[in-house]
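This report describes selected features of the structure shown below. It covers backbone geometry, helix packing and contacts.

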Amino acid sequence: MKHLNLVLGAAGLAVFLAVGEAVPRLGLVKEAYFPPVSTIAGALAREVSDPAFWTALGDTLTGWAVGLALAVAGGLLAGVLLSVVPYLREATASTVEFLRPIPSVALIPLAVLLYGTELRSVLLLVVYAAFWQILIQVLYGVQDVDPVAEATARSYGLGTLARVRYVLWPTALPYVMTGVRLAAAVALILSVTAELVIGAPGLGARIAVAQTSQAVPEMYALIVVTGLLGLLINVGARTVERRALSWHQSVRGEVAV
Amino acid sequence: MLDVRGLRKVYEGSGRTVEAVRDLTFSVAAGELVCLVGPSGCGKTTLLKCMSGLLAPTGGEVLLDGRRVTGPPPGMAFVFQEYGRSLFPWMRVGQNVELPLKQKGMAKERRRALVADALESVGLADAAKAYPWQLSGGMQQRVAIARALAYEPQVLLMDEPFAAVDAQTRADLEDLVRRLWRERGITVLFVTHDIDEAVYLGERVVVLSASPTVVQEELVVDLPVERDQLNTRVQPRFAELRTRVYEQIQAAKRGSVSAAPGAPGAGVEKE
């Protein structure tokens, strides 16, 4: 079954690439705006042999990783704090619901005003977008604590800190993992957007340069790179999730007893 | 050892107050095995939660060894009915049993010895590395019992621990509780809604009334200390005792209907 899925997936991709090659060659779309796959592949090969490309990739990944790390740390801390301190969650709920839907890209002017094209501009946008993903998941996860597990822990004399560590944290972990996976995807989108719009160094800025200098195949090649990056991030996040949650129902599946 | 004096618990809901436990007084002597039995929804769980310090009573008090219980006391272990939720699925069996000992600040070797000994005595010596969800229901409840044993409690509270396992497993677990009680000299308070189980297990049976709860009757089970599933249950004395308890529970139900129509507390207890 798994083998078959693999074959089908490869076949689907091959067809997609073949269509991408054939459509511009047959003149169905203008080759100048939509170059065939082989041309894009050639541009991609030129890109990866250019050191400047690797610098740009490094810049994008730095913005992504640092932003994500800050958002995860902040989201976790805030989430646990809001849940553990009585009344704090109720008091902040309306503010959170107001701030959360603000699209991070709406903060671009603010970021430019504050930091110009520095890395900090990217970080501001990335952290703002990813933080809420983590916070909301932590809040849900903490609510999911089983009253029986909690009563068990209390009856065996576990104090507040011990209960956070041994009951609350493992209960919230599956939610946190989902939050991190979503935040990782959002962080990549925002770091590329920030580079593209603000001009902070990175893949986004390189795409913008390719576009303005009419290097259409290069532009597509860079877009492909960002797609691959997103794919890798998702696969990586899922692997981490599976390892950390081997005990969880969603991972262990049905166990025969 | 364990004294319950004038215990009363009233739940203050939105717009309505429910008196779950009205006035309960009874005691359990050191080394005794007492079964609490009562009709469905009679506040058994509320009572146990008050006794274990998980819930603050509205009135009256619970004394353990002469000291008033205000929070979970270190000398008391609790076995819950919902073993699947009481054991932590993210920890292996051995870690589950060990966790309360870590909180006691015990040295590693001592913890290991206690965990091994407890798992051994419930017949799960080789399951320490498994996860709870890899075990059957009966085995999971054995793990929960092992966790309680390793805690070295003076008093073991068991809240309908075998209500969710099949009949054969239940018989095995009943014999396990009898054996552990005799071997270890722990004081056991066993709550059940099963009359046969109460008579088979207990040295004494306390029958509770329907909610709001009072003690309906206490009776001594004068069956031999050596009990087994085949012979004990067919003894004429066993039949007499179970009939007596059954009558009392029926009386308790009738009493509640005439005293408090509408059976308050029904929404509080989840039996």
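A:Tyr87 is exposed, since 7 other C-beta atoms lie within 10 Å and a residue counts as exposed at 12 or fewer. The model is a predicted one. A:Tyr87 is found in the loop that joins α3 (51-84) and α4 (88-99) of chain A. Its phi is near 70°, a positive value in a residue other than glycine. For context, most residues other than glycine have a negative phi.

A positive phi also occurs in chain B, at B:Glu160, where the value is near 40° in a residue other than glycine. B:Glu160 lies in the loop between β7 (155-159) and α6 (167-184) of chain B. Is B:Glu160 buried or exposed? B:Glu160 counts as buried, because it has 21 C-beta neighbours inside 10 Å and the threshold for burial is 20 or more.

**Helix packing**

Two packed helices are described by the angle between their axes and the distance between the axes. The table gives these values for one helix pair in each chain.

| Helix pair | Axes come within | Crossing angle |
|---|---|---|
| α3(A) and α4(A) | 7 Å | roughly 125° |
| α3(B) and α4(B) | 10 Å | roughly 130° |

At roughly 125°, α3(A) is therefore oblique to α4(A). The contact involves A:Leu81, A:Leu82 and A:Ser83 of α3(A), together with A:Leu88, A:Arg89 and A:Thr92 of α4(A). By class, the residues of this contact are 3 nonpolar, 2 polar and 1 charged. The loop that holds A:Tyr87 runs between these two helices.

In chain B, helix α3 spans residues 93-103 and helix α4 spans residues 108-121. Their crossing angle makes α3(B) and α4(B) oblique to each other, and the crossing is right-handed. On the α3(B) side the contact is made by B:Gly94, B:Val97, B:Glu98, B:Leu101 and B:Lys102. On the α4(B) side it is made by B:Arg111, B:Leu114, B:Val115, B:Ala118 and B:Leu119. The residues of the contact of α3(B) with α4(B) divide into 6 nonpolar, 1 polar and 3 charged.

**Domains of chain B**

Chain B is divided into domain 1 (2-75 + 153-259) and domain 2 (88-152). Taken over C-alpha atoms, the centres of the two domains are separated by 25 Å. Domain 1 contributes 11 residues to the contact and domain 2 contributes 9 residues. Which element gives the most to the side of domain 1 that touches domain 2? That element is α6(B), with 5 residues. The side of domain 1 that touches domain 2 has 9 nonpolar, 1 polar and 1 charged residues.

**Contact between the chains**

The contact between the chains takes 16 residues from chain A and 21 residues from chain B. On the side of chain A, the elements that give two or more residues are α7 (147-155) and α8 (160-198). The largest share of that side, 6 residues, comes from α7(A). The residues of the side of chain A that touches chain B divide into 11 nonpolar, 3 polar and 2 charged.

Within α7(A), the buried residues are A:Ala149, A:Ala151, A:Thr152, A:Ala153 and A:Ser155. The buried residues of α7(A) pack against α8 of chain A and, in chain B, against β6 (76-79) and α2 (83-86). After α7(A) comes A:Gly157, whose phi is positive, near 75°.

Conventions:
Residues numbered from 1 in each chain as written. Chains lettered and ligands numbered in written order. Predicted model: local features only at pLDDT ≥ 70, side-chain atom pairs only at ≥ 80, totals over all residues. Contact = placed C-beta atoms within 7 Å. Helix = DSSP H or I, 4+ residues; strand = E, 2+ residues; numbered from the N terminus. Nonpolar A, V, L, I, M, F, W, Y, C, P; charged D, E, K, R; others polar. Axes fitted to C-alpha atoms, helices over the stretch in contact; angles between N-to-C directions. Parallel < 35°, antiparallel > 145°, perpendicular 65-115°, else oblique. Left-handed = near helix turned anticlockwise from the far one by under 90°. Domains from an automatic or database assignment.
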